[in-house]
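My notes follow in the order I looked things up.

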Amino acid sequence: MSFVQTYRKPKVFGFTVLGALVLGALAGWLGKGTWLAPVLAKIGSTFTALLQLTVIPLVFTAIVVGIASLRNLGGGRTAARLGGKTFLWFAITSFIAVLIGIAVASILRLGQGVQIEPAAGAVDKLAKRASGSWQALLDNLVPTNIFSSFTEGDVLQVVFIAVLVGFAAYALGDKAAPFTNLVKSFFEIIQKVVGWIILLAPIGIFGLIGNAVASYGNSFVKPLFSLILAVYLGSALVLFVVYPVLLKFVGKTSPVEFFRKAGTALQFAFVSRSSGATLPLSRKAATDLGVPQEYANFAVPLGTTTKMDGCAAVYPAVATIFIANLFGIQLSVWQYVGIVAVAVFGALATAGTTGWYTMLTLTLSVVGLPPAVIATGVAVVYAIDPILDMMRTATNVAGQITVPVLVARSEGLVEEPAAQADDNKELVTA
């Protein structure tokens, strides 16, 4: 067996990723303040740019192909029922996740007694960014120019276009077959490209983690350690308790089997901080767990853009309470209700690479915190965002794999996968 074939094995690749994580952290610690720091930053930014390059075409083609593929699972009623159950479970798990975020932040009394002052430039810069709002969400949902949605990287608008095109192709059936086959071919090409990029993950991870360690010192990490702890604890409860319980008792799936087959996707999500780039691995994990490919092609890409329990539920709840306590603001019961409502109904606001920012500012606005408090508070938590984003993204991806398993099981669609040792498999995208 060649080196490349061995390297592509999930276990070998996983150990390589973990090794790059450790070596990157060591390089960042040794290289802080030296020539090595910018080198690490360049490696990480190049890898991130490669990942982002594929997100828009991957999301569009995956959703179109996924919706069109639902025809193979039955008629329109079946497709509608699958879509309805998918969104229902998205809402249920988001509801549970935001309650956990509120509970963790309240028990730890986040923000109380913390003394930290962000740089004035950072506050001014973030204050100028467009904050999340229901009005902005609705205004930006429907594109005025199809092509600009793709060129400007507006993920939410691309999702909207993909859903329209996908359902049109579904309705036309055989008449749309040439177009559907073309999109499917393009989807496979994009997946192949993503697969090649994923093989570079250890190098990219080495740079990303090294840059993070070299960039963030004790000046911000120490005073914000309680926030880091709360986000990781809340996300871990969702990832390692809520999902396994649902998988065990609703999805009739072994949690051990889930983590064994989804492990590579979760590791890659943690270090890449991109649900979109993890999509091929997430889809493979879902099908390995018995979800029919036709439904996985629909549910996983949709979840990649709208199902983010880490970024859209746990984190906004934790960060909002932290910021409120930081400024001595006591939240009322109705403000907590607002946090929950945004998490359950505002998932679309997380579409895109800056989704956490949109979701957090939307939550802070709904709660009714003053604009100056919002700008300053976001500037504080922004300083350690890369550290927080790793765990948030891993939680997002776990949910994007879990929900299709739950829905497929409820519909009797789960295909018991043939027993096959992981050592005999390769990364599907490679």
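**Helix pairs**

I started with H4 and helix H15 (residues 293-306), which pack at an angle of about 35°, their axes 11 Å apart. For the record, axes are lines fitted to C-alpha atoms, for helices over the stretch in contact, and angles run from 0 to 180 degrees between N-to-C directions. Helices (H or I, at least four residues) and strands (E, at least two) are DSSP runs, numbered from the N terminus.

Before going further I noted that this is a predicted model, in which local features need pLDDT of at least 70 and side-chain atom pairs count only at pLDDT 80 or more, while totals for chains, interfaces and linings use all residues. Residues are numbered from 1 along each chain as its sequence is written, and side-chain values use heavy atoms, with hydrogens and water left out.

Back to the pair: the crossing of H4 and H15 is right-handed. A crossing is left-handed if the near helix is turned anticlockwise from the far one by less than a right angle, and right-handed if clockwise. I listed the contact (heavy atoms within 4.5 Å): H4 brings Leu82, Gly83, Thr86, Phe87 and Phe90, and H15 brings Tyr295, Phe298, Ala299, Leu302, Gly303 and Thr306. Sorted by type, the residues of this H4 and H15 contact are seven nonpolar, four polar and no charged. Here Ala, Val, Leu, Ile, Met, Phe, Trp, Tyr, Cys and Pro count as nonpolar, Asp, Glu, Lys and Arg as charged, and the others, Gly among them, as polar.

Next I took helix H3 (residues 36-69) with helix H9 (residues 177-199): the angle is about 150° and the axes are 9 Å apart. That makes H3 roughly antiparallel to H9. The classes are under 35 degrees for roughly parallel, over 145 for roughly antiparallel, 65 to 115 for roughly perpendicular and oblique for the rest. H3 and H9 cross in a left-handed way. On the H3 side the contact includes Phe47, Leu50 and Leu51, and on the H9 side Phe179, Thr180 and Val183 are among the residues. I get 17 nonpolar, four polar and one charged for the contact of H3 with H9.

Then H13 and helix H14 (residues 275-288), at about 165° with axes 8 Å apart. H13 and H14 are therefore roughly antiparallel to each other. Their crossing is left-handed. Among the H13 residues in contact are Lys261, Ala262 and Phe268, and H14 contributes residues including Ala277, Leu281 and Asp288. The H13 and H14 contact divides into seven nonpolar, four polar and two charged.

**Whole protein and cores**

I count 20 helices and zero strands in the protein. Of its 430 residues, 56% are buried; buried means under 20% relative accessible area, exposed over 50%, partly exposed in between (1.4 Å probe, protein chains only). Of the contacts between residues at least 6 apart in sequence, 85% join residues at least 24 apart.

Which residues have the most contacts inside the largest nonpolar core? They are Leu227, Tyr295, Phe322 and Ile401, in a core of 117 residues. A nonpolar core is a set of buried Ala, Val, Leu, Ile, Met, Phe, Trp, Tyr and Cys residues joined through side-chain atoms within 4.5 Å. Not counting residues up to four places away in sequence, leucine 227 touches Leu110, Val318, Ala319, Phe322, Val381, Ile384 and Leu388. Apart from that core lies another, of six residues, among them Met308, Ala312, Val342 and Met359.

**Single residues**

Leaving aside neighbours within four places in sequence, threonine 93 contacts Tyr243, Leu246, Lys307, Asp309 and Val403.

Valine 39 belongs to helix H3 and is partly exposed at 37%. Its C-alpha is 8.5 Å from that of asparagine 211, 172 residues apart along the chain.

Arginine 109 sits in the loop between helix H4 (76-108) and helix H5 (120-127) and is exposed at 57% relative accessibility. Arginine 109 and isoleucine 321 are 212 residues apart in sequence but 8.4 Å apart in space, C-alpha to C-alpha.

I also checked backbone angles. Most residues other than glycine have a negative phi. Arginine 109 has a positive phi of about 50°, and lysine 252 has a positive phi of about 50° too. Lysine 252 lies in the loop between helix H12 (225-249) and helix H13 (255-272) and counts as exposed at 56%.
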